[in-house]
Amino acid sequence: MLQLFRRLLGIAPAPPSVDEMQWRRVEATLPFLEHLVPDDRLRLREMALAFLESKQFHGAQGLELDDDMLLAIALQACLPVLHIGLQAYDGWVGVIVYPGDFVIPRQIVDDAGVLHEYEDEVLGEAWEGGPVLLSWFTGDEAPDGVNVVIHEFAHKLDMENGGVDGLPRLRPGMSRRQWAEAFEQAYEDFCAEVERGADTAIDPYGAEHPGEFFAVVSEVFFEAPLVLQARFPAVYDQLVRFYGLDPAARAGSKAGA
C-alpha cells in the first residue's frame with residue numbers, strides 16, 4: 001500500500017511503495033499512456049510519486065480516496081509537465097476530489113449593475129493560487145471524450161503566465177507570435193464549426209473561451225493525438241514544442257503495426 005493516507009491525516013508521509021502489479025493495474029485504466037516511449041513512462045511514474053508527496057488530497061462529499069485513485073490522478077496530472085517539471089505546480093497544495101460532477105455557487109453582475117446568483121454544475125475547476133477540484137467517476141459513468149484531470153492541470157499551466165487566456169508560460173525558444181497565430185486561427189475556425197452545429201471530433205466546450213480551448217486541445221493532444229494533428233496541425237506542432245512530446249508519432253506507429 002502507498003501509505004498516502006498519512007498525508008490525508010496530517011501525518012508526515014512515509015516514502016510510498018508501489019509494486020509493478022499496481023502500476024500496471026492503474027496504467028491499464030489510462031490507455032493513452034501507451035503513446036509514451038518506455039523511458040518517459042518510467043519518468044512519469046517517478047514524477048507521480050513526487051507529486052503525491054507534495055500535494056494534499058481530500059475526498060469531498062464522503063468520497064473515500066483509495067491508492068489506485070490517487071495514482072491515476074497523479075499520473076494524469078504529471079503527464080502535461082513530464083518534460084516541463086513539477087515546479088510548474090508550485091504555490092498550491094490542495095487536490096479535492098468529488099464523486100461525480102458537482103455544483104459551485106456563482107455570482108455575476110449584469111450591465112445594469114444587478115447581482116445574479118446561480119449554481120454552476122461542473123466536472124472540475126482550477127483556482128489560481130488555490131486547489132484543483134476534480135470529479136471522479138467509476139466504470140462507465142465517466143463522460144465520453146473528456147479528461148477532467150488533464151483539462152484542469154492544463155489550466156494550472158495556463159495560470160503560470162497570469163490568468164486563464166490560452167497563453168501559458170512558453171518554453172525557451174518558443175515564439176509567442178507563432179503560438180498566437182496557430183491558436184487564434186484554430187480557435188476562430190473551431191468556434192465557427194460549433195456555431196453552425198457541426199459534429200466536431202473535439203469537445204465543443206473548447207469554444208467557450210481561448211483558455212478552455214487550450215485545455216480541451218491539451219486533452220486531445222494526449223488522448224487522441226492523431227485527431228488533433230489532422231484537424232489543427234499548427235496547434236499540434238505548438239503543443240509538441242510546449243509539452244516536449246510527440247504522441248501522434250507513437251500512436252501512428254501503433255496504428256500502422
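Visitor: How many of the 5 residues of β6 are buried?

Guide: In this predicted model, 4 of the 5 residues of β6 are buried, and the strand is thus described as mostly covered. Its setting is an open sheet of 4 strands with mixed pairing, arranged in the order β1-β2-β6-β5. The edges are taken by β1 (56-59) and β5 (124-126); each has a single partner strand, so one side of each is left without a neighbour in the sheet. On average, and with direction ignored, neighbouring strands of this sheet are turned by 20° against each other.

In the order of the sheet, β6 stands between β2 and β5. Strands of a sheet pair through backbone hydrogen bonds, in either the parallel or the antiparallel sense. With β2 (residues 94-99), β6 (residues 132-136) pairs in the parallel sense, over 5 bridges. Within this region, S135 of β6 is the bridge partner of Y98. Two helices pack on the sheet as well. Helix α4 (residues 67-78) touches β1, β2 and β6, and its direction makes about 125° with that of β6. Helix α5 (residues 148-159) touches β5 and β6, with its direction at about 170° to that of β6.

The pairing of β6 with β5 is antiparallel and extends over 3 bridges. Here L134 of β6 is the bridge partner of G124. The two strands form a hairpin with 5 residues between them, and G129 in the turn has a positive phi of about 75°.

In soluble globular proteins, nonpolar side chains tend to be buried together. The largest nonpolar core of this model has 70 residues, and those with the most contacts inside it are F51, F153, W179, L228, V235, L239 and Y243. Helix α4 contributes the largest share of this core, 9 residues. L228, one of the residues with the most contacts there, touches I202, V217, V220, F221, P233, V235, Y236 and L239, when residues up to four places away in sequence are not counted.

Definitions and conventions:
Residues are numbered from 1 along each chain as its sequence is written. This is a predicted model: local features need pLDDT of at least 70, side-chain atom pairs count only at pLDDT 80 or more; totals for chains, interfaces and linings use all residues. Side-chain values use heavy atoms; hydrogens and water are left out. Two strands pair if DSSP finds at least two bridges between them. Axes are lines fitted to C-alpha atoms, for helices over the stretch in contact, and angles run from 0 to 180 degrees between N-to-C directions. Contact means heavy atoms within 4.5 Å. Buried means under 20% relative accessible area, exposed over 50%, partly exposed in between (1.4 Å probe, protein chains only). A nonpolar core is a set of buried Ala, Val, Leu, Ile, Met, Phe, Trp, Tyr and Cys residues joined through side-chain atoms within 4.5 Å.
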